[in-house]
Each structure stands twice: as C-alpha cells, then as structure tokens.
Amino acid sequence: MTSLALQRSELGKLADKILADERFTEAEALELFAHRDLHALGALASLARQRRVGNKASYLVNRYLNYSNYCILSCQFCSFARKKRDADGFELTVEQMLQKAREALALGVTELHIVGGLHPSLPFDYYLGFLRALKSLDPRLQLKCFTAIEVLHLAWLARKSVPDTLAELKAAGLDSLTGGGAEIFQPSVRSQIARGKESADEYIDVHRTWHRMGGRSTCTMLYGHVESPADRVDHLRRLRELQDETHGFTGFIPLPYHPDNNLIPVDHSPSGLDSLRTIAVSRLFLDNFDHITAYWVGLGTKLSQVALSFGADDLHGTILEEHIFHMAGAGSPQGRTEAELVKAIRDAGFTPVQRNTFYEAIRVWDDGRSITSPT
Ligand code: SF4
C-alpha cells in the first residue's frame, strides 16, 4: 500500500519499483536529489525502509574513545588533528584508556568506538596492547576501531601487508572496522578536502579485505561541502558495488559537514532539508543495505527524529564523549543517555531497539513500560 503523498506525486512510479524490488539507477538518484516534492521523497524512502526493517529504529549504548589527535596528515576539512607543537594535542596511555573503559562498562556500554589521528611515533605494539587490554576487561565488550587510513598507517608501522595487519589486530581483539574516512570518493573533490589521504580505491580495498576475512564494517559519506549531487551519487554507487560483492557493510552513516576550524571555504553546514534529502536518497539507492543512520551528533536530535521518517532506521549511540564533530562546531551535546535515545525514537513514532555493534537486537522496547528480549 503506497501513501497518499506518493499516489498524488509523479514519484509514484518509483514506488512501483520499490514494490517490485527493482534497483534505482544513478540517473534516478540524481533526479531525486533535485526533486522539489520533499514529502513525497520521504514517503518513498519510508516505503523502502518499512519493507526492510519495519517500524523499528535502533540505537547503541556505546562510548567514543579517541586515543590521540596527533596526526601526520593535514586534511583540509579536519578540525580534530593536531601537531606535537599544539597545546591542545593529546594522547592517552593504555591505563588511561582502561580507566575510561571501566567507567563506560559501569554505565552499560556494549561497544567502544576507537579512532585517532595517524600518530607520528606510537609503535604498532601500542595498538595491539590497548586492544588486548580492553578486551581483557570484558570479552563481551565489542571493539569497533580504526578508519581505513588508520589501518594503512598501522600496516606501514607493522611493515606487514594489510591482510596480515588486520589478522593481527583481529587476534588482539578488534571486532569491527569503523566507516570513517570515506569522505567523498570523487578524486578532484577528495583532493580539495583531504589531500594526502588514502584514495577511494584504497578505502574500498581495506574494507573489501576485512569483509573477505569475515569482518563487518560500516561506511560513511561526508556531504555538504564542495561536492555536487553527482559526486554523492558516485560515492553511493561505489559503496553499493562493494556491498554487492561482499555483503560486509552493516550500515551506512551519512555525515553532514561542519565548517568551524578548518580550511574548506564553505561557511555553513548543509541545511536540514538537504540532510533529509540525502538520507532519503541513500535509503532508496543503497537497496542492499539494511541500515541507514541519522547521526544525531551531526544532525541534532530533533532533525534525526524527523530523518526516521525519511529512510533512516538508526540513531547511532550514546557516545558519551565526542570530539571530532564538536571541534568542527557541532552544537549537539557530547553524549546522550539511553533514556533520551529511547524517548526520541518513541516520540517519533517508532519502536526503539537497543542493538549491538553488528546491529543485532539486544532488547526491544515494546511500549513506555515493558521491555522484551528479542526472540
Ligand atoms: S581526517 Fe584523519 S587523517 Fe586527516 S588530518 Fe584529520 S585525523 Fe588526520
């Protein structure tokens, strides 16, 4: 059954494609980015979302943990990286990481999300050491760590191939790769915002290698800076192709650009309407992805709630201590409590589901009072 908004819209014919499980073309995705009827686009994305995940919307009880913000690169869009001469650079000892992890475990986190810059001098053993130490705190604690460029940096440090490096990290406790660092794949845009970073092919290759080892990861897209809608569609196409090949992505996380304290000549974030449109097109085009995240840190909680009716089905996590977006000017809080995420999802009209790193349900909140375990 299609919605009234769709029946009255010229997008109605695309609803038939969704119902017939037909794939959207790049040309159609580009048309959707330009389409004036945002409500109908939302109805279309909701139809695709509903068919894949029903009325559920997930969240994660997690903690971010940045081991250091020192970085040998200077990506133009980055507000997080520091050099050793900078007063606000930091690096954590393994004991400091353990202390933060103990505090987080006491709050019920199921995942630590760990990334940092490409540190100029920490040895490979430091990374293996913190993985082993954190895992030994509680073997059930899921360690989601490292972007693709960090993996390449660690392989260089270890003087090993990427597969051998990933195998060693996995043996030390790595459960999942993060999706950060994808930015925009199109080469001329990539060189304008992240010169010196790994190429799109290298990003894809790291994730392909990890997936072939049986690993899972998420993926991202940084939008709303100097890229065009065609660059966004090209980016989504490459992710869809890898997903066809490996089925190793658990979810897609579109990240709205934030403009403070960096070198990109853009002075504002993408509008709320642009973000809703991007999430909706992502849901429609990425027909081989189960989960699309409305990242509340970048969007704000209220817009994330609306995004649940534009194709998103996940609000990401409690996070507790976010640095990367806040150093770029995000006005959202540093973290959210589980109760706040549950309320945000329920108030938006969806059934909250606590998930783990792999988007598997931990518990389903049936209504305001009762909690049931998934069957
Ligand atoms: S985006 Fe990552 S690799 Fe680039 S400068 Fe920032 S921390 Fe370093």
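The model is a predicted one.

By that cut-off, the residues around the ligand are Cys-71, Leu-73, Ser-74, Cys-75, Cys-78, Phe-80, Ala-81, Gly-117, Leu-118, Ile-149 and Lys-197. Sorted by class, eight of the residues in this shell are nonpolar, two are polar and one is charged.

Next, the strands. Strand E3, residues 111-115, is mostly covered, with five of its five residues buried. Both of its faces are covered: Glu-111, His-113 and Val-115 are buried on one side, and Leu-112 and Ile-114 on the other. E3 pairs with strand E2, residues 62-66, in the parallel sense, over five bridges.

Strand E6, residues 216-223, runs parallel to E7, and seven bridges join the two. Met-221 has Pro-254 in E7 as its bridge partner.

Which strand holds Pro-256? Pro-256 is found in E7, residues 249-256. Pro-256 is buried because 25 other C-beta atoms lie within 10 Å, and the threshold for buried is 20 or more. Leaving aside residues up to four places away in sequence, Pro-256 touches Tyr-223, Gly-224, Ser-269, Pro-270, Ser-275, Gly-298 and Leu-299. Take Leu-299 from that list: Leu-299 and Pro-256 are 43 residues apart in sequence, yet 7.0 Å apart in space, C-alpha to C-alpha.

Now the helices. Helix H5, residues 94-106, has 13 residues. From first C-alpha to last, H5 reaches 18 Å, close to the 18 Å expected at 1.5 Å a residue. Gly-108 follows H5 and has a positive phi, near 95°.

Helix H15 covers residues 338-347, and its buried residues are Leu-341, Val-342, Ala-344 and Ile-345. Why do these line one face of the helix? Seen down the axis of H15, the buried residues fall within an arc of 160°, so they sit along one face. As background, an α-helix has 3.6 residues a turn, so residues three or four places apart point the same way. On the face of H15 turned away from the buried side are the exposed residues Ala-339 and Asp-347.

What do the buried residues of H15 pack against? They pack against strand E1 (56-60), helix H14 (301-307), strand E9 (314-317), strand E10 (351-355) and strand E11 (361-365). H15 is followed by Gly-349, which has a positive phi, near 95°.

Most residues other than glycine have a negative phi. Glu-183 has a positive phi, near 50°, and lies in the loop between strand E5 (176-177) and helix H9 (187-193). Tyr-359 also has a positive phi, near 65°, and lies in the loop between E10 and E11.

Tyr-359 has 19 C-beta neighbours inside 10 Å, so Tyr-359 counts as partly exposed.

Conventions:
Residues are numbered from 1 along each chain as its sequence is written. This is a predicted model: local features need pLDDT of at least 70, side-chain atom pairs count only at pLDDT 80 or more; totals for chains, interfaces and linings use all residues. Helices (H or I, at least four residues) and strands (E, at least two) are DSSP runs, numbered from the N terminus. The expected span of a helix is 1.5 Å times one less than its number of residues. A residue is buried if 20 or more other C-beta atoms lie within 10 Å of its own, exposed if 12 or fewer, and partly exposed in between; C-beta atoms are placed from the backbone. The arc is that of the directions from the helix axis to the C-beta atoms. Two residues are in contact if their C-beta atoms, placed from the backbone, lie within 7 Å. A residue is near a molecule or strand if its C-beta atom, placed from the backbone, lies within 6 Å of it. Ala, Val, Leu, Ile, Met, Phe, Trp, Tyr, Cys and Pro count as nonpolar, Asp, Glu, Lys and Arg as charged, and the others, Gly among them, as polar. Two strands pair if DSSP finds at least two bridges between them.
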